[in-house]
Amino acid sequence: MTDRTDSGVDRSGSGVDRSGSGVDRSGSGVDRRTVLGVLAGAGSAAVAGCSGSDPDDAATGDLDSDTLDDLAARFAPTLYFDAAEPWFPTDPRPYTVEEDGETVVDGFAAFDGYHERYDESAEPPAPTVFYNGVRYEDSPLAVVQFWMYSAFDQFTANFHWHDWEVLHIFVDLDSGDPQLYVASSHSRSVPNNEFLDPDPDAVPRILTELGSHSSTLSVNENPDQFQRVGEEGLLADITNTTIDTVEDLLGIPIAYGLPRDEGTRLPFVVPEYEGAPIYEHPDLPSVTAESLVDGALAIRSLDALRSPPTDLPLRETGIAFRHDDREDSVAAETAEEVIGYDLVETAELEDISAFTGPQLSFEFAVPEAVEDAVAGHITTTGVPWEQPRYENPALDVSAGNHRSELAARYDAIAAGESFGEAATDEIDAVVARVTRATETDDAPDGEGLTTTAAVTESFVLIQSDPEAVPTFAGGVAVANGVPEGDHRLTVNGAGQAPHSETLTVAADVPVTTAGVDGEIPLVARENARKVAVDDADSDVDVARNAIEDDFAGRIYDSAVDGSDAVYVHAGGAYTTEVRDADGEIGAYRVNPGAPGSDDGDDGDGEGNAPIRIDRPETGAASLAGFVADVAEETRAEVAAAAAESGGDSDDDDDNGGPDGSGGGASNAVNGLERALAAAVEAAERAEERAREGDRGGTDRQLETVLDRIARIGERLAAARAGLPPGLANATGKRVEQATRRVEQAQNAGKL
């Protein structure tokens, strides 16, 4: 234990150096390492839309060829592409090679060959959509699938050679009516875009996401715009389940959607292979920087910017693809150009055994106590005809309400539990809303935050899973199929410092919320400060770390194993709360923007010196010391405000004596300053008694501290007119915080 009274602690300024508790704003000695390929190859097993163990659906068989061809021609979708899209559905067969006696599609050959043909003809080469069909045994329910192949996928969180996307049309053969559309999203963790009971006379429409080719449905009257919820006479384009667990997510259909068509920015990252941009590879002579997603939408890496980009273009429609044997007047009126595609049965491709190519790199930053570890999490594409959903398309029904409805209509579909209803023994879902932390006008300048809607989409990685999950609908994150147990969840966003936390998923809880009450605020890199806790030199084992801003409240709360690091906004004023393995609490004041704080750069990679709590303590002494710190910080700011306004904090009150109770704004401020000083003195004495092991003396002093804090509240009411509004608000917030910490000290099991 460190005795604060002998440690030379200076509370004369609000940038308190609590050297007794190991708070160190000096050089961090942080090293940055790269750990690529931690989960290399694991992603190839992931199946889009699948959610854990297979339900007991009926077996399927082939449709007769005439029925299949008729269904394919009837439901062949029209595809709308972004004006910046470089990779359109094509035929992969020109890029096959023989390897070890098997036919494979080579990633280098497909990527380079596609662009060579595109450049030669100035038209998308070999426009093609493939189809497959199955019928559930002893049931009128059939499904026609439309598979779209692209030579490359450039998505910010997961780019790779080759790309397959699918649209399932569930059809009742007796009535001839479509029952459900299921359009594939990014991964099994993100619910697909689905629509129940579509118009049987309408041509299915797909809005294809730029670069990634994730498929969003369009059934409303605006053919090339995505509508998540119905409004102004327009249908919603999805009928997915909503989440009713997190208040902020109420009423939002949970599906990926189309972020750049919903008003949020989505920066694209330039793919790299062996440390260089992919277009520099000698085996890709036809691929240039211009072959990728437009540079106006791309960045070199998520941490290449100091703040989230707000000027990226939103979605614009370019080319539309339609079935070659059918005109589409709506597409002709909507798109810049309409191109006919061939419709080919997937059976003609089933001799292809693999789509190959080396794993590409994507760095995902994870804040840790002493370094920023970086891991690669990139998936590869599989062969569609070897995936379970190829034979049982119901596996791709990711909305629980849709599976339930299909099961009610058809005995062939098992009424199993699914996303949005309940967890199974093997899976669960994690949800959160990612927001951004910004300074609030209600606080003193640089000493208080609020959280607002995200301006760009982010990416969530659960380290037990090889895939990064994109957010949607302005920051909603859903990771489905997360196994029971403890997990490390990390959030990255362009121009933002990473967030990382540990959470526990329980088998009997259908939805686990990440962050604090389901909210994860990110901080722009230009404003980020690292707060690091490490118990290596401490007498306690830290088991949990939480951070509260004076105005935004609790913004971080995570289980830890002795050490932790959190990026906070430099414009906030914080309470760092630690809990040890016995549940005892300690608290530390962290105010990066307070007068006297160190804003220098010691090379931590964020441009700001980290704040370190290297010898954390728990118990009454730590809590009383925190109260002394926050009261002294506030006293100094009140005294400075009084001096700036012409008051004299050392003068007696001319209208009522030395306590400032007689009247006058400056006198009331002086009285508030003295009440704060009295609270500092009482809290310091409580800390001394606790460090001496005097339980009775500690309890008596803590009662005195509560009395002094109550007096601060009284003085604040009288002094508000003489204080800057932000400081008055902050003082009230800190009084509440101090009161809570004193009560915790009174209930502490250790001194």
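The structure is a predicted model in which local features need pLDDT of at least 70 and side-chain atom pairs count only at pLDDT 80 or more, while totals for chains, interfaces and linings use all residues. Residues are numbered from 1 along each chain as its sequence is written, and side-chain values use heavy atoms, with hydrogens and water left out.

A residue is called buried under 20% relative accessible area, exposed over 50%, and partly exposed in between, with a 1.4 Å probe and protein chains only. Two strands are said to pair if DSSP finds at least two bridges between them. Strand 7 is joined to strand 3 (residues 60–62) by 3 bridges, and these two strands run antiparallel. Within this pairing, threonine 60 has tyrosine 136 of strand 7 as its bridge partner. Strand 7 is also joined to strand 19 (residues 337–345), here by 4 bridges and in the parallel sense. Valine 129 stands opposite leucine 343 of strand 19. With strand 8 (residues 141–153), strand 7 pairs in the antiparallel sense over 6 bridges, and tyrosine 131 has phenylalanine 146 of strand 8 as its bridge partner. Strand 7 and strand 8 form a hairpin with 4 residues between the strands, in which aspartate 138 takes a positive phi near 55°.

Another mostly covered element is strand 35 (residues 563–569), in which 6 of 7 residues are buried. Strand 35 pairs with strand 32 (residues 528–534) in the antiparallel sense over 7 bridges. In strand 35, valine 568 stands opposite arginine 529.

Charged side chains were examined next. Side chains of opposite charge can pair when their charged atoms come close. A salt bridge is counted where a side-chain nitrogen of Lys or Arg lies within 4 Å of a carboxyl oxygen of Asp or Glu. The structure holds 29 salt bridges. One of them joins aspartate 197 to arginine 409, with the closest N and O atoms 2.8 Å apart. This pair links distant parts of the chain, 212 residues apart: aspartate 197 is in the loop between strand 11 (193–196) and strand 12 (205–208), and arginine 409 is in helix 5 (residues 400–409). Aspartate 197 is partly exposed at 40% relative accessibility, and arginine 409 is partly exposed with a relative accessible area of 29%. The phi angle of aspartate 197 is near 55°, a positive value in a residue other than glycine.

A network of salt bridges links Arg544, Glu548, Arg554, Asp557, Glu577, Arg579, Arg740 and Arg741. Glutamate 548 forms a salt bridge with arginine 554, the closest N and O atoms being 2.7 Å apart. Glutamate 548 is buried, at a relative accessible area of 8%, whereas arginine 554 is partly exposed at 27%. Arginine 579 and glutamate 577 also meet in a salt bridge, at 3.3 Å from N to O. Here arginine 579 is partly exposed at 30% relative accessibility, and glutamate 577 is buried at 2%.

A negative surface patch is formed by Asp62, Glu98, Glu99, Asp100, Glu102, Glu350, Asp351, Glu386 and Glu391. Patches are made of residues with over 30% relative accessible area and no salt bridge; like charges are joined within 9 Å, and nonpolar side chains (Val, Leu, Ile, Met, Phe, Trp, Tyr) within 5 Å. Accessible areas come from the Shrake-Rupley method with a 1.4 Å probe, and for residues only the protein chains shown count as cover. Lys and Arg count as positive and Asp and Glu as negative, with His and the chain ends not counted. The place of a charge is taken as NZ of Lys, CZ of Arg, CG of Asp or CD of Glu.
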